Every structure is written in C-alpha cells, then in structure tokens.
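Dear colleague,

Please find the structure below.

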Amino acid sequence: MGTKSLEKLRPLGGLERYFATWHHLNFYYNIGITGYYVLPPFSSVSVEQTIYAALALVIAKHPILSTVILGDSTSSPYFAHLPSFDLQDVVTIVERKRAYPSGDGRDIELDKLLETPHNEAFENDGNEPICPLWRLLVLTNPNVGSDHAFTASFVFHHSISDAASGLNFHKRFLEALNEAPQPLKSAVIRSPCTPLPPPLENLLSLPVTVKRLMRTFFETRFQSLPRGVWAGAPVALPPKAANRRFMSVTLSPDVTTAFVALCKSNGTTLQATLEVLAAQCMFGILPEKFKRLDFTIAVSLRRFLDEDKVEEDGFGTFNSSAFDHFERDNFGTDGFRWNEAHRARDVLASHLELKGKDEVVGLLKYIRNNEKFCWDKVGKPRWAAVEISNIGAFHKVKEGRKEDIREDEKQDLDESEWEEGESWKMGRMVFSQSAGVMSAAISVSVITGGDGGLTLGFAWLKGVVDRDVVVKLMRNMQQGIHELALPDD
C-alpha cells in the first residue's frame, strides 16, 4: 500500500501547516508526554498484550491517531487516513537498566532515552511500512517485575496534537487499561475512516488588529537584539546530528502541594510563580551585563472553543503563545519577588481576556510561504530566552461529570489511593519536547503527575546555550521551589 492510495481526510489548518513545515525542515520534530503506570501488588497481567489491547481502544475513538500527512513539502498538505498498521511498528518495549525511581529527583535513564525520538523525524516516504505520526516507548521495570509497572512515553507530531492532547492520551489510555480489554488476535489493527475535528482556524475567530499587524511587521523586518538582552545564540541551520538535549527533575507530592498552596496564599498562580523563579535563577547565572530576559508563555485556546465541536479530552492542535519580559533591576538578592509574580499573573490574564484577538497564531494567515519565513530567521536573534509550557495536572476522566478546573489549579487533585475495582494507576509524569531551531534558547515544560508530583523538563539545542547553564537553571529552580514551599526543612 503506497501513500498515494490513502483516502484524503482534510487539508491542514494554518497552525497545523506551520508545524508541518517545521517538521519537514527539521526545525522541530515532536512532543512527548510520559506516564508511570503501576498495578496494585495483588494483580498481574501481560504488559505487552495489555498495552496493545488498550491502544486499540484509544485509536478507535480518536481518528487523528490513524492519520498521516501527505504533501508536507508543498503549499497544500493534507491529512490522509491510514486504514491499518502494525502496532509493533509504533510501540517499542524495553527493560530498564536501573530501578524505577521513587519520590522526587531525576530519572536520568528516561531522559537519555527520550532524547532519541526527540532527534528523529516521522518519515513516510512511500516505503513500507507506513506508520501514523506517533510512537509509544515503553520501559518495563526490573525492580518490581515487568507485569506490575511500566513507563509509557507517547511521542507525537505537533501537527496532530498539542501538549494538552498528549495529556489527554494518557487519560484515555489509563481508562482503556482499566477496562481490562481482551488481548488482540493480531498486532495489525484496522481503524475506521472517521472525520477529523476541524482545525483551530475553523473553530475560533482569530482577528488581528492593524496595530498588532504593523508592529509584528516591523519587528520581523528589522529584528535585532537590544544591548543587555540575553537570548542564547542566534538562530542557526537545523542540526544534522543528535544535538537536541533534554533533562528533567521531579518534585515530591508534598513539596508540590505546599508550593501550589504558597502561590495561592500570595495571590498568584503556579504559572506566574514559575516564570518569575526561572527569571530570577537565570539572572543569577548570567553575567551582570544582561539586564533583560524575554519569555514566551505557551497558552491553550481550548477554553474558547465550542465544546460541541471539540471534546474537552479530545485531540487537536489548539495552542498559541503569550509574551512577557523580566528586568534584572526588579530582582534583588534577598528573597522571592512576589510583586513580579503578581505582575506576570496579570500579563497572562490580560492576554487571555482577548479570547483569540491578536494571537500569534492569527498572524499565520499573513505568511505567504512558511518555508521562506523559517529560512529567513537563520542568522537572526531569537525572540526569547525561555519558553514555559505548563499543561497542568493529570486527572482521570470522570464520565458523566464535567470537570471545571483551571490548569493551574489541577495540582490540588488527590487521586493517590486505589479505588474499588481499579487496577492500573498513574504515577509521576514527564512533559518533554524537541528543542526548536527558532524557539527560545531554553524550553521549560511543566506537568503534574497522577501522584501529585510536579516535573520540570528542560530542552535546548547544543550550541545555542551551554549545558552548564541549563543544569544550573534546573538545580536552582528545584532548590528554589523547595526553599519556598518548605522553608523550615
């Protein structure tokens, strides 16, 4: 079966097409959401058979998981339906070399393994086999037996899903695991040809004012880095070697709970507090001559979409970006600046009040040629020093009950106890991604797992920023959260 024989579903929307260009040019590859799955000690199953059966249930409900993109190097790429594929081509199961990590700290083995898919493109050049635009990397645990715990990393093309959709995958996957599905007779599954959800541009009006359009035009045309602003090395040609790096660190549930409560008691959000903490740590690392840091803040536009057209826990690419900046003069050496956290909270709140107006994704319709736009960025300064993406906390799908919880409040959910009839349970989680050629120098990806522990993931390109800078940022943010949350320890 060749790609030309596949049934066409729909053209890519503007944002989907932009990410397809990034992927085609090797500017950015994929996102990864990892979950640690655990069975109660009295249960035992075959992990491989159970994973395949659960995946089949999820794929049947979400048609985007059985699609490919054709014509991604053209001006008119489209999604095509993949009627069947072999799960053995998209699922990799390996045994960990080190024991499953408990509590807080780092999972170095997982971080190293994640760097491999984050340095690889999804290739469908017409050769067999033709695979969908995602992979599942499974690590079994030799410490407690492969039938009682595993780590699943769902890695996917940004054109088919945003990070929040990756979190939704794990909600649906856990739900499917706990349905105890019957083993498949074959790893080759067939998927129904179901219409895809509409692209973002068909769901939300994204008006752009003349003022916003003109400002962006001049910033793009005469892009320069003012003196005293740090943003890493300028945009360079896509790396040909495996130069995309990633590392993560997890905070314990107790520290996370205390930290979230501290943010609320000080009248701000987890998101804003993490922005300020990252800026404070960066100013402590960088030389004194750098006085300003520009930040990109990933935002989800799902809250503005018609729920009849897009499921709350559905899949799609519905993200955009907000922007903020931090001045060294607003930071001292004697404690955390809560006033800056209040200001950062208000900046993001003001952005969201526009409900899609003047969004950066709304500007994509004015780009005549995505490839030329990207290549023109090579050699120019980066837009930002740090990007922070916080997709909130994992919470199980509650059928028949509407969850109305803001992303920065989901950390309060406590689902650590086994429920009656429950088998699989979600533990800590990791949010990772490819470092982008045009992206901020350092990407910080934030997620809170089913165990209530907060994980910070750090992605960067070799040559754009020194590894020592990222290591210091990670350690200083971890230490800063500990000291703020539990000052008496």
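The crossing of helices α2 and α4 is right-handed, where a crossing is called right-handed if the near helix is turned clockwise from the far one by less than a right angle, and left-handed if anticlockwise. Please note that this is a predicted model, in which local features need pLDDT of at least 70 and side-chain atom pairs count only at pLDDT 80 or more, while totals for chains, interfaces and linings use all residues. Residues are numbered from 1 along each chain as its sequence is written, and side-chain values use heavy atoms, with hydrogens and water left out.

Helix packing

The axes of α2 (residues 47-61) and α4 (residues 163-177) come within 9 Å and cross at roughly 125 degrees. Helices (H or I, at least four residues) and strands (E, at least two) are DSSP runs numbered from the N terminus; axes are lines fitted to C-alpha atoms, for helices over the stretch in contact, with angles from 0 to 180 degrees between N-to-C directions. The angle makes α2 oblique to α4, since angles under 35 degrees count as roughly parallel, over 145 as roughly antiparallel, 65 to 115 as roughly perpendicular and the rest as oblique. On the α2 side, the contact (heavy atoms within 4.5 Å) is made by Thr50, Ile51, Ala54, Leu55, Leu57, Val58 and Lys61. Helix α4 contributes Phe169, Arg172, Phe173, Glu175, Ala176 and Leu177. These residues divide into nine nonpolar, one polar and three charged, with Ala, Val, Leu, Ile, Met, Phe, Trp, Tyr, Cys and Pro counted as nonpolar, Asp, Glu, Lys and Arg as charged, and the others, Gly among them, as polar.

Helices α7 (residues 270-285) and α8 (residues 338-353) pack at about 125 degrees, with their axes 8 Å apart. That angle makes α7 oblique to α8, and their crossing is right-handed. Gln271, Ala272, Thr273, Glu275 and Val276 of α7 meet Trp338, Glu340, Ala341, Ala344, Arg345 and Leu348 of α8. The contact has six nonpolar, two polar and three charged residues.

Helices α6 (residues 253-265) and α10 (residues 467-485) have axes 8 Å apart and an angle of about 70 degrees; they are therefore roughly perpendicular to each other. Val255, Ala258, Phe259 and Leu262 of α6 touch Ile481, His482, Leu484 and Ala485 of α10. Seven of these residues are nonpolar, one is polar and none is charged.

Cavities and a pocket

A search of the whole structure finds five cavities of 30 Å³ or more. On a 1 Å grid over the protein atoms alone, a cavity is a set of points where a 1.4 Å probe fits but cannot get out, and a pocket is an open set with protein on both sides within 12 Å along at least five of seven lines; lining residues have an atom within 4 Å of a point. Points are joined across faces, edges and corners, and a volume is the space filled by probe spheres set on them.

The largest cavity has a volume of about 60 Å³. Its lining includes Arg10, Glu16, Ile64 and Phe318, and comprises seven nonpolar, three polar and two charged residues.

The second largest pocket has a volume of about 280 Å³. Of its 14 lining residues, Thr92, Thr116, Pro117, Glu120 and Arg135 are the closest to its centre. Strand β7 gives the most to this lining, with three residues.

Kind regards
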